[in-house]
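Here's a quick look at a protein chain and the DNA strand beside it. Have the model open while you read.

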Amino acid sequence: MFVPMNKLLNNDQIRQEFQKALLQWFENNKRTLPWRERKDWYGVFLSEFLLQQTQVTQALPYFQKLIRTYPTVEALASASEDELLRHWAGLGYYSRARNLRKAAKVIVERFSGRFPQNYTEALSLPGIGPYTASAILSIAFNQPLPVVDGNVIRVITRVFNIEEDVRQTKTQKQIREIAAQLLPNQTPGRFNEAMMELGALTCQPTSPLCEQCPLQKWCLANRQGSVSKIPFKSPPAPKKRLYQFVLLFVATDGRLLTVKRPRNGLLASMWEFPTLETTPEELNTPEPIREFLSRYQTAAPIVLPQMKHIYSHISLRYRPLLLSVNLPFEFHSRFYVQQKWLQLESISLLALHNAHKKILTDTKFAEWWQRKGFENKR
DNA sequence: AAGACGGGGCT
DNA sequence: AGCCCAGTCTT
């Protein structure tokens, strides 16, 4: 392992030139973002939750919607979990929404509605880890805490030509130490924002714009022509495959059974239609599930075409089954935490996850629904 | 220390 | 199809 103890780290004057060049670039090139326009910590707090593992362009519409719906931390703290989740639907990593609301509650109830000014206390809030704690305290309160996110990792590994695997704890520790040494005491918040903005706009993952980079003259990877190989990441775990039936229980009045998933794990706290795990073979020959269905004494299901949904770590193949039932009808499950019989239009107001939203907009489902005549009953 | 956890954009 | 993320929590 080779960390250049280069002048950037031990020469005050050169480090200051580096900081000045970066900050100057930031002032001239930073994007106009709603949480930068606001001067309060609440906007930063909300945006940092949204921006965890999420790009600015993806988070932007969600920020606008949420800041309007919950203008203050008190409003957010008193929001219902289901309502917040409905706003969050489609953004992913749904535990963030639950943690965001819990954190707001703690801030209101334990910290009198003010963000804790201490790194350790900030870290104790649900959903706030080392990155978010440092980001909020440095950006909103100008505390000298370095941030290390994907952008900073990219900028630092390139500037210092660090070729080790960035998934390794040891490499990450090394990057954190460098980030701490580069941080100016006067303007840590702007410096952190500048590092991340540079990573997003110039020091991009692929085809970075080195010619227009304000740090080019300090960048070792640029000098050695290794930019495209850095940062190095060991290959991720292969994608899992998941096969399931989706059970659309339809009552005679046209209502559908919806269920809420547990607060941990995949699609935390999101609503869906009950699912039944199966194998790739069974998914194409729904005969074997007849035994399961006979328990509910339902007529033969209407089998819709197989569908596909890709998560970052799971490849899901699923097939909706339409099952007509008479109420009262009891669905038992140890897995789901809540259930509701809802009309189709009420379901669209639910925090339904994407894979199952796709079922409702699927043409085959729409055709069937039309034929049943539920539309005409109302 | 390693897995689990979404979705959109880009190549 | 594969890779990139403005990370945190659980085990």
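A polar contact here is a pair of N or O atoms within 3.5 Å. This is a predicted model, where local features need pLDDT of at least 70, side-chain atom pairs count only at pLDDT 80 or more, and totals for chains, interfaces and linings use all residues. Residues are numbered from 1 along each chain as its sequence is written, chains are lettered from A and ligands numbered from 1 in the order written, and side-chain values use heavy atoms, without hydrogens or water.

Let's take the DNA contacts. Three of them go like this:

| Residue | Protein side | DNA strand B side | Distance |
|---|---|---|---|
| Q53 | polar backbone atom | base nitrogen | 2.9 Å |
| K240 | side-chain N or O atom | phosphate oxygen | 2.5 Å |
| N354 | side-chain N or O atom | phosphate oxygen | 3.4 Å |

Now for the protein itself. Chain A has 20 helices and eight strands, counted as DSSP runs (H or I, at least four residues, for helices; E, at least two, for strands). Its C-alpha trace spans about 80 × 50 × 35 Å along the principal axes. Of the 378 residues in chain A, 51% are buried, meaning under 20% relative accessible area with a 1.4 Å probe, protein chains only.

Terms used. Buried means under 20% relative accessible area, exposed over 50%, partly exposed in between (1.4 Å probe, protein chains only). A polar contact is a pair of N or O atoms within 3.5 Å; within protein, one must be able to donate a hydrogen and the other to accept it, and residues adjacent in sequence count only if both atoms are side-chain atoms.
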